[in-house]
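Trainee: I would like to learn how to read a protein model. Please take me through it step by step.

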Amino acid sequence: MIYLHTFLYYTFFSSVVLIYGIGLNKIAEIGIVKFKETIFYVKCAFTIISSSVISWLMTYYLLVPLKITELFPLVCFIVYACISTFLGSIVRLTTGRITSEFAVSYLVVLLSIAESSSLLFTLFICLSSLLSMLIIIPFSLTFRRRVCSNGRLLDEKYYSLYFMFLAVLILILSVWDIIWLNPGVIQ
């Protein structure tokens, strides 16, 4: 049951995109430009999951015994850079597409290592973070289609409306999170 609560917490209640802000500035671009490129999502998901697992193992079995856990972001960066570069070059050689992405994936790896107490929790946090990002993309696409249906360009007014839309989503999630954690509030 604790795994289900962890999964739901990082997917909906504490959405990685909306509450933590990981990828908030990139979600519009990823949701619009790279939505149809499934190889991008597969490569990012595999990179995040494998980097998180290897980084957690290195942190737990190497950094903790040496009492230098403050270096786990460096270990995460080195592991992520190696795996991402390797998979990116394989994808580029086989398909000819560029699937490079750094900031969002690396921050998800850091979040999953920093907030987990076991390897299983690391996997759950990674998967729920990925699902959280995939859940927000249809909202982003729907908003774009709705606002740009009359031929409006993606200009400053669009992005200001888009970030206000995300602020409303954050407010709804925050209120629902408080209500969900404290069911006696509404009664």
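Mentor: Start with burial: a residue is buried under 20% relative accessible area, exposed over 50% and partly exposed in between, using a 1.4 Å probe and protein chains only. Tyrosine 106 has a relative accessible area of 12%, so tyrosine 106 is buried. This is a predicted model, in which local features need pLDDT of at least 70 and side-chain atom pairs count only at pLDDT 80 or more, while totals for chains, interfaces and linings use all residues. Residues are numbered from 1 along each chain as its sequence is written, and side-chain values use heavy atoms, leaving out hydrogens and water.

Trainee: What percentage of the 187 residues of the protein count as buried?

Mentor: The figure is 39%.

Trainee: How many helices and strands does the protein have?

Mentor: Helices (H or I, at least four residues) and strands (E, at least two) are DSSP runs, numbered from the N terminus. The protein has 7 helices and 0 strands.

Trainee: At what angle do helix α3 and helix α6 pack?

Mentor: Axes are lines fitted to C-alpha atoms, for helices over the stretch in contact, and the angle between N-to-C directions runs from 0 to 180 degrees. Under 35 degrees counts as roughly parallel, over 145 as roughly antiparallel, 65 to 115 as roughly perpendicular, and the rest as oblique. Here α3 and α6 (residues 119-147) pack at about 155°, with their axes 9 Å apart, and are therefore roughly antiparallel to each other.

Trainee: Which residues make that contact?

Mentor: Contact means heavy atoms within 4.5 Å. From α3 the residues include Ala45, Ile49, Val53 and Trp56, and from α6 they include Leu123, Leu127 and Leu130. For classes, Ala, Val, Leu, Ile, Met, Phe, Trp, Tyr, Cys and Pro count as nonpolar, Asp, Glu, Lys and Arg as charged, and the others, Gly among them, as polar. The contact of α3 with α6 has 14 nonpolar, 2 polar and no charged residues.

Trainee: How far apart are the axes of α3 and α4?

Mentor: Helix α3 (residues 38-66) and helix α4 (residues 72-95) have axes 8 Å apart and pack at about 145°. The residues of this contact divide into 13 nonpolar, 7 polar and 1 charged.

Trainee: How many aromatic pairs are there?

Mentor: Rings of Phe, Tyr and Trp (its six-membered ring) pair if their centres lie within 6.5 Å; planes under 30 degrees apart count as stacked, over 60 as edge-to-face and the rest as tilted. The count comes to 9 aromatic pairs. Tryptophan 56 and tyrosine 60 are a stacked pair, 4.8 Å centre to centre with 5° between the planes. Both lie in α3, 4 residues apart, about one turn of the helix. Tryptophan 56, at 11% relative accessibility, counts as buried, whereas tyrosine 60, at 43%, counts as partly exposed.

Trainee: Why is the pair of phenylalanine 77 and tyrosine 106 edge-to-face?

Mentor: Their planes stand at 85°, with ring centres 5.9 Å apart, so the pair is edge-to-face. The pair links distant parts of the chain, since phenylalanine 77 is in α4 and tyrosine 106 in α5 (residues 103-114), 29 residues apart. Phenylalanine 77 counts as partly exposed, at 35% relative accessibility. Phe77 and Tyr106 belong to one aromatic cluster with Tyr80 and Phe102.

Trainee: Is glycine 88 buried or exposed?

Mentor: Glycine 88 lies in α4 and, at 18% relative accessibility, counts as buried. Leaving aside neighbours within four places in sequence, glycine 88 is in contact with Lys43 and Thr99.
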